[in-house]
Amino acid sequence: MQSQRFLAAGILIAALIVLTNVLTSAQESSGGGASTGGSHAAVHDAQNRPITAGGFVDSGPIIFQNVSQQAGLTAWRHVMGTPQKQFIIETNGSGVGLIDYDNDGWLDIYLVNGSTYDAEQGKTTPPHAALFHNNHDGTFTNVAEKAGVTNDRWGFGVAIGDFDNDGWPDIYVSNFGKNRLYRNNRDGTFTDVAEKSGVTLGNWSTGATFGDYDGDGHLDLFVPGYVHYDFSNPPIPHSKAVNYSLCQFRGVSVMCGPRGLLGEQDHLFHNNGDGTFTDVSQKAGVSDPNRYYGFTGVFADLNNDGKVDLVVADDSTPNYLYLNKGNGTFEDDSYASGFALNQEGRETATMGIALGDYENNGLLDILTTDFSDDYKVLYHNDGDANFSDVSYHMGIAQEGIPFLGWGVGFIDYDNDGWKDILMVNGHVYPAVDRYDWGSTFAERPLLFHNMQGKHFDYVPPVKGSGLAVVVPGRGAAFGDLFNDGKIDVVINVIDDHPVLLRNVSKDGNHWVELKLVGGPKSPRDALGATVYLTANGMRQRDDVLSGGSYMSSNDQRVHFGLRQAVKVEEVEIHWPSGAKEKLRLPAVDRIFTIEEGKGITGVLCTQCKPKSIMKKGR
C-alpha cells in the first residue's frame, strides 16, 4: 500500500511538472512548443553567417568526405509533408538502419521514408523506403521494391534484430499508423509479419529497440510512442486538439507541439519464441502512464549486472531510465538516477541518444541531443547506473547551443582507443531562415575529439569536407560500411537525399571489429552482449545494441581502435546468456566472427593480400 502511495505521488508530481512546463514554455509563447534553455544571442562566423551553417576553416585534418553521389544514394529522396511544415507530423524526419541483410559480410543501408497528407488520403502514391545493397566497391543499389520493404506508410524509426533466431537480421519499422515487422526470408526478400506477430500498434510510434530483457534467449521489442495524432483534427490553434490560442517560437507563429498535445504511451512486447509477441508493458512497468513524448529507446546494461536495462529519450518531458529487476519487471529509476532531467533540474527536448564508455572505465555513459537554444547533455555514469551531467565540464555544451540535434553517436573516428562524439543537426521550423536567431533550418554536423576521457575538443569543419555539409539532418546511423576499420555515418535528411560521410581519417592506427554469434541460450545476433578488449595497457568496452541515435540502428559489430598496437592482449565477452568467455585474437585490422562457446569462426580482411575470408560459423 505504501509503495502504491509513493507511485501515485510520483505520477502526480510528474504530471504537475508537465503541466507547469506547458504553461511556462521557454519558447516565450502562450501555447505549446519544445523545451529549450531560453533565447540565446545569435552566434555568427567571420562572414556573418549563422554558426549552424558556417564556421568553416580553410585547413585542417579531413575526417569525413561526402560520398553520397559516388555511392549512388542521391537518386532516392526522403519526403515528409510540405516544405511549410504546418503540422508536427511533418517535422521530425526518419531514421536509418545498418543491416547486413544478405549475410555477405558487408553492411547495407535501410532508409525510412515519410509521407504526405495526399498520400495518406490515397490521392498520390506514397513515398517508398529504400534498402541500399552494398556492392562491395563503394557503391550501393536500391533493392527495396525487390526485397519487399518499401513500407509505403508514414515512417519514422527502424530497429534491426534477429527476432526469430534464424541467423538472418530482421527489420522493425515504426510508423504513424500500423508498424511493420519485416522477417528476413533468407533469399534477399522480406515478409511483413507484424499482424501475425501482434506488434502493429497504431497511431504514432518512434524509435524502437530489440533486447532480451528476461534472458530467455529471444529478442523482445520496446516501441516508444510520441504524440496521439488525428489527421481529421490536426493540432492547430483553437482546434479540439490544441488547448491554447497561439503556437509560437520567439514570437513567430509555428506548428503546434509537442507540449500541450496528448502523448502516446510506450509498449514492451515479450517474444513468445513462436513468432508472436505479447504486450507486457504494464506488467513490466514501462507503459509510460504519463504519456511522455517518446522518441528513441535503447536496451543496454547500465549497471553491469548482466541484464539489459532500458533508457528512453523523451521530447520536452523527463527521460526514462528503467533498471531491470531480473524478474520480468523494471524499476523506474529515472529521477533517482539523474537521467530524467539535466543539471539545471529541467527536462530537455531529447531527440537522440548514444551510449558508450568514453572514459574506458567499463561503464556506459549517455549522451542526448535536444532543441536549439539548449546544450546537449552528457551524462557520466558514476557507477550503479547513477548519472551526473558533465556537459560543460567535458567541453561539449557551449558549441552545441545554437544547433538542434538529432542523430548522435559515440564513435572512435581515429582509432586511438577513445570514443569521440558526432552529432547530426537540423531545425524543425523553416521560419528560422527568415530571422537573425543564429540558427538555420539546414545545419552542419558537430564533431568532438575525446582527449583520453578528460575532455572533448571541438573539431572545426574544413571547407569542402564532410563536416561542412549543411543539411536538415534527422536520423543517423554509424558503422563500417567499407570494411576498412573506420566508422562512417549515414544521415537521413528530411525532404532531401541521404548523406553518406565516409571516414577518411589519415590517422594510420590499427583496429579490430567483432561480429558476435550467440549460442543456444543467447539471442542469435548476441544483442545485449558486452565486450571488453585490452590493448596498449588500456581496457575498452563496446556493446551489441539495437536502436539508438535518433530512431536509428547502428552497426552491430563491436569496434575497437588500437592506436599503434599490433597485438590484442585479451578479449572478454559477456554473453546475454550470462556466460563469460576470454580469447586471443591472432591479428589486427580484421573483422572476426566469434561464436559463443566456439571461438573465432570467421575472419574478413579487405586490405590483406590476397583478400581472404573464412567461412562463417553457424
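How much accessible surface does the protein chain have, and what share of it belongs to carbon and sulfur atoms? The total comes to about 21400 Å², and 51% of that belongs to carbon and sulfur atoms; these areas come from the Shrake-Rupley method with a 1.4 Å probe, and for residues only the protein chains shown count as cover. The model is a predicted one, so to speak of local features takes a pLDDT of at least 70 and side-chain atom pairs count only at pLDDT 80 or more, while totals for chains, interfaces and linings use all residues. Residues are numbered from 1 along each chain as its sequence is written, and side-chain values use heavy atoms, with hydrogens and water left out.

On to the overall build. Of the 618 residues, 65% are buried (buried means under 20% relative accessible area, exposed over 50%, partly exposed in between, with a 1.4 Å probe and protein chains only). Take the contacts with a separation of 6 or more: 61% of them are between residues 24 or more positions apart, where contact means heavy atoms within 4.5 Å. As for secondary structure, the chain has eight helices and 39 strands; helices (H or I, at least four residues) and strands (E, at least two) are DSSP runs, numbered from the N terminus.

Strands of a sheet pair through backbone hydrogen bonds, either parallel or antiparallel. Here four strands make an open sheet in the order 16-17-18-19, with antiparallel pairing (two strands pair if DSSP finds at least two bridges between them). Strand 16 (293-300) and strand 19 (330-332) sit at the edges, each pairing on one side only. On average, neighbouring strands of this sheet are turned by 20° against each other, direction ignored; the axes are lines fitted to C-alpha atoms, for helices over the stretch in contact, and angles run from 0 to 180 degrees between N-to-C directions. Inside the sheet, three bridges link strand 17 (residues 309-315) to strand 18 (residues 320-324) in the antiparallel sense, and Val312 has Tyr320 of strand 18 as its bridge partner.

Strand 22 (residues 377-383) pairs with strand 23 in the antiparallel sense over four bridges, with Gly383 bridged to Asn386 in strand 23. Two residues lie between the strands of this hairpin, and Asp384 has a positive phi near 55° there.

Gly257 and Pro258 are joined by a cis peptide bond, with omega at about 0°, and Pro258 belongs to the loop between strand 13 (252-253) and strand 14 (267-271). Asn151, a residue other than glycine, has a positive phi near 70°. This residue is in the loop between helix 4 (144-147) and strand 6 (154-161) and is buried, at 2% relative accessible area. Asn415 also has a positive phi, near 55°, in the loop between strand 24 (405-411) and strand 25 (420-425). With a relative accessibility of 1%, Asn415 counts as buried.

Next comes Asn503, in strand 30 (residues 499-503), which is buried at 2% relative accessibility. Its side chain reaches the backbone oxygen of Tyr413 at 3.0 Å. Residues up to four places away in sequence aside, Asn503 touches Ile63, Phe64, Tyr413, Lys486, Ile487 and Asp488.

Is Thr276 buried or partly exposed? With a relative accessible area of 23%, Thr276 is partly exposed, and its place is the loop between strand 14 and strand 15 (277-279). The Thr276 side chain makes polar contacts with the side chains of Asp274 at 2.6 Å and Asn272 at 2.9 Å. A polar contact is a pair of N or O atoms within 3.5 Å; within protein, one must be able to donate a hydrogen and the other to accept it, and residues adjacent in sequence count only if both atoms are side-chain atoms. Neighbours within four places aside, Thr276 is in contact with Lys196, Ser197, His270 and Asn271. Between the C-alpha atoms of Thr276 and Ser439, 163 residues apart along the chain, the separation is 46 Å.
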